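Here is a short tour for someone meeting this structure for the first time. Keep the sequence and the 3D view at hand while you read.

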Amino acid sequence: MATVTELRVALTVPDFDQAVAFYRDALGLEQIADWSSATGRVLVLDAGRATLELFDEAQAESVDAIEAGRRVSGLVRLALRVADSGDMAARLVAAGAGEVAPPVQTPWGDRNARVRAPDGMQLTLFTSE
């Protein structure tokens, strides 16, 4: 069996400059590579340690209900551990994100906030208490 050594999420965004300003500049993901060429633009941003969570529909509905009060996310939602989920959510909203839901205390002990990036991607910002 092959061993996976890195998880990389590739987002195709309608406004590249806006996405760079949001994910790199506002969220603070460190740029580690620029592979842009005459055929297109691409940056690689370091998002720390990665995991892949697999949810069935019932669990996705449950998490959305806890974090946002209703089913709101699509097939993919990014969840990022940050030092202070409320502060980061406010920073991202100031940078153009939409607030999906304010921070809530989850049953599993995290403080989670939900925002929608300018490109439409939903992000759960979580702080382990």
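In which sense do S5 and strand S6 (residues 122–128) pair, and over how many bridges? They pair in the antiparallel sense, over seven bridges. Bear in mind that this is a predicted model.

## The whole chain

Start with the overview. The protein chain has three helices and six strands. Along the sequence they follow the pattern α-β-β-α-β-α-β-β-β. The radius of gyration is 15 Å, close to the 14 Å that the globule rule gives for 129 residues, so the chain is as compact as a globular protein of that length. The C-alpha trace spans about 45 × 45 × 25 Å along its principal axes.

Some 32% of the 129 residues count as buried. The accessible surface comes to about 8200 Å², and carbon and sulfur atoms hold 52% of that area. Now take contacts between residues at least 6 apart in sequence: 51% of them join residues at least 24 apart.

## Strands and their partners

Strand S5 covers residues 110–116. Five of its seven residues are buried, so S5 is largely enclosed by the rest of the structure. Strand S4 (residues 98–105) is joined to S5 by five bridges, and the two run antiparallel. S6 also pairs with S5. S6 is mostly covered, with six of its seven residues buried. A further partner of S6 is S3: five bridges join them, and these two run parallel.

| Strands | Sense | Bridges |
|---|---|---|
| S4 and S5 | antiparallel | five bridges |
| S5 and S6 | antiparallel | seven bridges |
| S3 and S6 | parallel | five bridges |

Individual residues show how the strands line up. Val 104 stands opposite Asn 112 in S5. Asn 112 in turn stands opposite Phe 126 in S6. Arg 81 also stands opposite Phe 126. Elsewhere, Arg 111 faces Thr 127 in S6.

Two hairpins link these strands. The hairpin of S4 and S5 has four residues between the strands, and Gly 109 there takes a positive phi near 95°. The hairpin of S5 and S6 has five residues between the strands; its Gly 120 takes a positive phi near 100°.

## The nonpolar core

In soluble globular proteins, nonpolar side chains tend to be buried together. Here the largest nonpolar core holds 19 residues. Which of them touch the most other members? They are Phe 22, Tyr 23, Leu 27, Leu 92, Val 115, Leu 123 and Leu 125. Helix H1 (16–26), strand S3 (77–81), helix H3 (85–94), S5 and S6 each give two or more residues to this core. H1 supplies the largest share, four residues.

Tyr 23 is worth a look in the viewer. Leaving aside residues up to four places away in sequence, Tyr 23 touches Leu 11, Gly 28, Leu 29, Leu 45, Ala 117, Asp 119, Met 121 and Leu 123.

## Helix H1

Which residues of H1 are buried? They are Ala 19, Val 20, Phe 22, Tyr 23 and Ala 26. An α-helix has 3.6 residues a turn, so residues three or four places apart point the same way. The cover over the buried residues of H1 includes strand S2 (43–46), H3 and S6.

Both ends of the helix have something to show. Asp 15 caps the N-terminal end of H1, with a side-chain oxygen 3.4 Å from the backbone nitrogen of Asp 17. Just after H1, Gly 28 takes a positive phi of about 90°.

## A loop residue

Finish with Ala 95, in the loop between H3 and S4. Is Ala 95 buried or partly exposed? Its relative accessibility is 37%, so Ala 95 counts as partly exposed. Beyond residues up to four places away in sequence, Ala 95 touches Phe 22 and Ala 26. Phe 22 and Ala 26 are both among the buried residues of H1. Asp 64 lies 31 residues from Ala 95 in sequence, and their C-alpha atoms are 23 Å apart in space.

Note on methods:
Residues numbered from 1 in each chain as written. Predicted model: local features only at pLDDT ≥ 70, side-chain atom pairs only at ≥ 80, totals over all residues. Heavy atoms only, no water. Buried < 20%, exposed > 50% of the residue type's maximum accessible area, 1.4 Å probe, protein only. Pairing = 2+ DSSP bridges. Core = buried A, V, L, I, M, F, W, Y, C linked by side-chain atoms within 4.5 Å. Contact = heavy atoms within 4.5 Å. Polar contact = N/O pair within 3.5 Å; in protein donor to acceptor, adjacent residues only side chain to side chain. Rg over C-alpha atoms; globule rule 2.2 N^0.38 Å. Areas by Shrake-Rupley, 256 points an atom, 1.4 Å probe, with all protein chains shown as cover.
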